[in-house]
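Let's take a walk through this one together. Have the fold and the numbering in view before we start.

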Amino acid sequence: MPAPSPSERRHGRVLRGEVEETVRKLLKEQFDAELREDIRFYLGGKNRVYAYKSCEFDEIASHKGIYFGTIERDGLRLSIEGSFIVGKIAKKNVVELDSESFGRWMSGGDIEASVKGYYIVKCGNYFAGCGKGNGRVLRNFVPKDRRVVFD
């Protein structure tokens, strides 16, 4: 495998052959979580990570897996689906919200929290993606088309 170009090193791009190793390492570091070995990962455009399990239809599938998260310069930002997969086994960096704060989160609002880095957001048994804390606020990454509007 060729060495990463200066641009890839500068922008923190993960090479396609290193995706499995990188994602598993980030999950362990950030959330102290280890997923089963039959869950595989591949890297799409814009450093988006997709998770899948191999099956007999792999040869004919036009797209395999679900959007799991994005590899950012400072860590792995999980999608809502990624937070469901990892959240059940995560031992750290999980924020539990009350129902009022959770409603605000699902509406696209940020939450006051004295945390730093990427955190899985949950309310009860429901996981709602990942936010990034700066020590004062947990920034919301719920996409606009998945937000809930309350009257």
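We'll start with a sheet and its helices, then stop at one asparagine.

A quick word on ground rules: this is a predicted model, where local features need pLDDT of at least 70, side-chain atom pairs count only at pLDDT 80 or more, and totals for chains, interfaces and linings use all residues. Residues are numbered from 1 along each chain as its sequence is written, and side-chain values use heavy atoms, with hydrogens and water left out.

Now the sheet. It's an open, antiparallel one built from four strands, ordered β1-β2-β3-β4. Strands here are DSSP E runs of at least two residues, helices are H or I runs of at least four, and both are numbered from the N terminus; two strands pair if DSSP finds at least two bridges between them. At the edges sit β1 (40–43) and β4 (75–78), each pairing on one side only. On average, neighbouring strands are turned by 35° against each other, direction ignored.

Next, the helices. Helix α2 (residues 19–31) lies across β1, β2, β3 (66–72) and β4, at about 85° to β4. Helix α3 (residues 80–87) also packs on the sheet, touching β3 and β4, with its direction at about 90° to that of β3. Those angles run from 0 to 180 degrees between N-to-C directions, using lines fitted to C-alpha atoms, for helices over the stretch in contact; contact means heavy atoms within 4.5 Å.

Finally, find N140, in the segment after β9 (137–139). N140 counts as buried because its relative accessibility is 7%, and buried means under 20% relative accessible area (1.4 Å probe, protein chains only). Its side chain reaches the backbone oxygen of W105 at 2.6 Å. Leaving aside neighbours within four places in sequence, N140 is in contact with W105, G108, G109 and D110.

Terms used:
Buried < 20%, exposed > 50% of the residue type's maximum accessible area, 1.4 Å probe, protein only. Polar contact = N/O pair within 3.5 Å; in protein donor to acceptor, adjacent residues only side chain to side chain.
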